[in-house]
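Let's take a walk through this protein together. Keep the picture open while you read, and try to find each spot as we get to it.

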Amino acid sequence: MPLFSTQAIVIRSLNYGESDKITTFFTKDFGKLKGIAKGARRSKKRFQNVLGLFTHLRLIFFDREGMGLVRIESGDLLHLFPKIREDLRKIYYGNYYLELVNEMAGERERHPEVFDLLLTFLEDLDRLEPGEEQLRMFEIRMLSLFGYRPHLIHCGLCQRNWEVLRDDPSLFFSLEKGTLICHRCSRYGEKLLPISLGTARFIDQAAQIELSKLNRIKFTAQALTESRAILPRFIAHQLGKELKSLKGLRETFSSVSKLENSNAK
Ligand SMILES: [Zn+2]
């Protein structure tokens with residue numbers, strides 16, 4: 001059976017049977033992979049505790065057919081992110097990142113840029129105080145990388161652009177179309193949420209800027225409030241369900257509790 005090696009991040013891990021573990025990884029070279037670690041709970045030495053959530057490792061695995069579960073041979077620890085594990089608030093943030101990746105990614109679809117994004121955001125979470133801006137930025141980037149980037153330059157119905165729309169008394173984001181909707185066209189739209197031109201511009205920029213320059217752009221208070229009302233709902237709309245970890249985040253931290261109060265038209 002061929003042996004492979006790739007960088008990986010543990011996004012889910014479940015006990016299986018008497019002594020095994022079934023672990024889901026997001027890998028640099030193969031996208032989302034599920035594997036079985038035989039005897040992982042008996043032989044701690046062989047896996048060196050590298051199968052816990054958030055762990056960044058070099059994964060060695062056997063894969064016969066390029067489908068289904070791989071057989072995890074071993075793992076070399078690269079980063080453990082210890083500060084995430086000891087802070088409940090960081091755990092909630094991290095769980096949200098992992099769940100979002102797990103839900104959006106199909107198995108064995110290669111997305112190295114998603115791997116880089118997740119690694120960068122976990123490194124920041126380990127190093128810095130968690131802030132709601134990071135959640136929203138992660139959502140913007142994930143939508144963009146999976147082909148759901150909101151189209152915010154034109155009205156999705158009449159195609160008029162920012163130059164013209166700056167005089168509109170109100171603008172909306174359509175959850176259904178994933179586009180901006182102008183004041184005039186809003187009477188034809190459904191599932192519309194208010195958005196300002198400033199927020200539309202900000203999200204559009206945040207979706208495109210190089211990952212290494214992401215920390216150079218900052219949310220305004222209005223962009224953060226509007227993004228909070230729009231992005232998690234747009235993701236739920238795309239996935240057909242709300243993420244479980246978002247409920248945990250919302251209940252625990254008042255900073256995101258306003259989600260519940262934002263009202264769709
Ligand atoms: Zn329009």
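Start at E129, which sits in the loop between α4 (112-127) and α5. Helices like these are DSSP runs of H or I with at least four residues, strands are runs of E with at least two, and both are numbered from the N terminus. Is E129 buried or exposed? E129 counts as exposed because it has 10 other C-beta atoms within 10 Å. The cut-offs go like this: 20 or more other C-beta atoms within 10 Å of a residue's own means buried, 12 or fewer means exposed, and anything in between is partly exposed, with C-beta atoms placed from the backbone. From E129, F47 is 82 residues away in sequence and 30 Å away in space, C-alpha to C-alpha.

A quick word on what you're looking at. This is a predicted model, where local features need pLDDT of at least 70, side-chain atom pairs count only at pLDDT 80 or more, and totals for chains, interfaces and linings use all residues. Residues are numbered from 1 along each chain as its sequence is written.

Now zoom out. The protein chain has 9 helices and 9 strands. Its C-alpha trace spans about 65 × 40 × 35 Å along its principal axes, and 37% of the 265 residues of the protein chain count as buried.

Next, let's see how some helices pack. Two packed helices are described by the angle between their axes and the distance between the axes. Here, axes are lines fitted to C-alpha atoms, for helices over the stretch in contact, and angles run from 0 to 180 degrees between N-to-C directions. The axes of α5 (residues 132-145) and α7 (residues 197-208) come within 9 Å and cross at roughly 65°. That makes α5 roughly perpendicular to α7 (65 to 115 degrees; under 35 is roughly parallel, over 145 roughly antiparallel, and the rest oblique). On the α5 side, the contact is made by M137, I140, R141 and S144, and on the α7 side by I203, A206 and A207. Contact means that C-beta atoms, placed from the backbone, lie within 7 Å.

Helix α7 also packs against α8 (residues 221-239), at an angle of about 80° and with the axes 9 Å apart. α7 and α8 are therefore roughly perpendicular to each other. Look for G198, T199, F202 and I203 in α7, which meet Q222, A223, E226 and S227 in α8.

Methods
Two residues are in contact if their C-beta atoms, placed from the backbone, lie within 7 Å.
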